Amino acid sequence: MHSLNYTLTRRQTLPIYSVMTLYAASAPVAVTSIVQHLIPIPGSVLLTFLALALFLVALFTERQPVSITELNRIGLLVCGAIAIPAIASLTGVAFALVSIQSVEYTAYVNHSLLNRLINLSLYTVLTLVVLIFIRRDVQQTNTSLLKGYTIGTFLLALGGIWQFLHFTIGYPMPLFDTRAYVHSVNQDVLFNFRITSFTDEPSFLVPFLLDGLIIGTLIMTRKTYALFASLTILVLLLTFSISGYVNVVVIGLVAMLLLFTRNMIPKKMILTIIGGLFLLITTLFLLLPQAFIALFMPILGRVDGLFDVMYHSRLYMLVFPFVWLFDYSFMNTLFGFGPGSYDFLARTKFLSHQGAVSGTSNNVFVDLLFEHGLLGGLLFTISFIAISFYLWKKRNIHLYYSIALILWIHLGVTSLYRADFASPRFWLIIMIVVGLLELARQKRYLPNHVPNIFQKAKVTSI
């Protein structure tokens with residue numbers, strides 16, 4: 001195995017880690033439509049390329065070698081589970097071009113294939129490079145990524161508050177083309193809007209807000225986190241995102257389970273909090289039933305058709321790729337139709353009640369199944385599940401294993417309704433998880449980290 005050379009002088013350290021922080025901070029807004037379309041090159045791709053270029057220059061101008069085999073195996077596994085099937089799926093592309101002989105498939109190859117390959121290559125190489133920085137200085141790398149990413153999520157939370165004031169009292173705000181309107185509801189609602197902040201729609205916003213709530217526990221004091229969490233939870237509540245609410249419940253259950261098993265806070269306190277919330281919600285519903293229903297009507301009004309595959313477009317695009325995968329040759333069933341080939345479906349398949357399907361199923365696992373075939377889809381899914389079990393087994397050894405598990409499960413849940421594996425957020429969460437695993441393996445903490453936000457004492461690195 002060839003080695004990659006790196007060593008960084010003290011003079012080079014500040015700009016490189018500053019860029020790392022800036023890149024992480026830009027991730028939550030880099031995928032918004034206004035940033036993506038500022039210039040011909042998508043904003044997230046340009047930022048990733050510039051950051052990667054600087055990191056590579058720093059690595060290859062130095063002389064101290066690090067073997068690829070020394071890098072974190074979890075990080076390497078994730079990169080391999082996506083990159084290797086993507087390369088193998090080119091076999092399916094070549095076969096489909098000959099066997100299908102479709103104008104739409106040729107249009108996909110000319111329009112989307114190269115773009116997806118470039119994106120996946122950029123994010124895969126960037127992740128490998130960050131793994132080298134983690135190997136070199138895990139505390140500094142993690143601190144840079146966590147601080148930057150928290151800043152980015154905080155900006156989105158502030159944008160959500162700004163948008164709320166705009167809708168309620170007319171506070172001036174630039175008009176972004178977002179899906180902030182309430183749809184698929186025939187009854188009166190208390191708030192005739194959904195918070196999107198600067199993102200395109202609520203389901204784009206929710207994953208970032210939850211990311212911030214989780215990683216904020218690593219770098220914030222109790223008072224700072226209380227303020228940050230209050231703003232974030234308010235915005236999260238007003239997104240009226242069904243998938244987001246389910247996401248919150250799943251992460252909450254995982255966190256409570258870990259709190260119980262690790263004895264981080266008294267069980268009586270957890271039960272008191274749960275009981276208090278249940279009592280509060282029940283009381284509000286009994287005292288103000290109409291107001292309560294009107295408040296959550298943007299969600300309640302959409303439940304009826306939620307599981308009707310012929311009516312609910314997202315569900316339709318989740319289910320039918322399992323059928324479409326077998327429409328053509330056995331080779332394409334095994335190897336898929338190529339990176340970004342959901343674009344081919346968008347050109348040839350139609351919803352039962354309106355227009356063509358979109359360019360993604362909004363589900364990472366389904367997208368990868370169609371793009372990389374049974375072999376690639378199963379490889380990624382099995383790898384993801386295996387890492388989950390690994391983190392579960394390690395959860396009581398070090399606090400950061402538990403937090404990494406919460407982040408990993410959260411990434412899995414968001415991947416079910418927001419297919420963003422070719423964007424910065426997906427890979428940044430992987431980088432952060434890997435960094436936490438390295439700290440846990442070395443039995444270290446981030447500088448000045450409060451390992452339990454219910455305690456006042458701080459610990460420094462060991």
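Is Arg-347 buried, exposed or partly exposed? Arg-347 counts as partly exposed, at 32% relative accessibility (buried means under 20% relative accessible area, exposed over 50%, partly exposed in between, with a 1.4 Å probe and protein chains only). The model is predicted, so local features need pLDDT of at least 70 and side-chain atom pairs count only at pLDDT 80 or more, while totals for chains, interfaces and linings use all residues. Residues are numbered from 1 along each chain as its sequence is written, and side-chain values use heavy atoms, with hydrogens and water left out.

The protein chain has 19 helices and 2 strands (DSSP runs numbered from the N terminus: helices are H or I with at least four residues, strands E with at least two). Of its 462 residues, 50% are buried.

Salt bridges come next. Side chains of opposite charge can pair when their charged atoms come close. With a salt bridge taken as a side-chain nitrogen of Lys or Arg within 4 Å of a carboxyl oxygen of Asp or Glu, the count is 7. Arg-347 joins Asp-343 in one of them, at 2.9 Å from N to O. Both residues sit in helix α16, 4 residues apart, about one turn of the helix. Asp-343 is buried, with a relative accessible area of 15%.

Another salt bridge links Arg-425 and Asp-211, whose closest N and O atoms are 2.7 Å apart. Arg-425 belongs to helix α19 and Asp-211 to helix α7, so this pair ties together parts that are 214 residues apart in sequence. Arg-425 is buried at 1% relative accessibility, and Asp-211 is buried at 0% relative accessible area.
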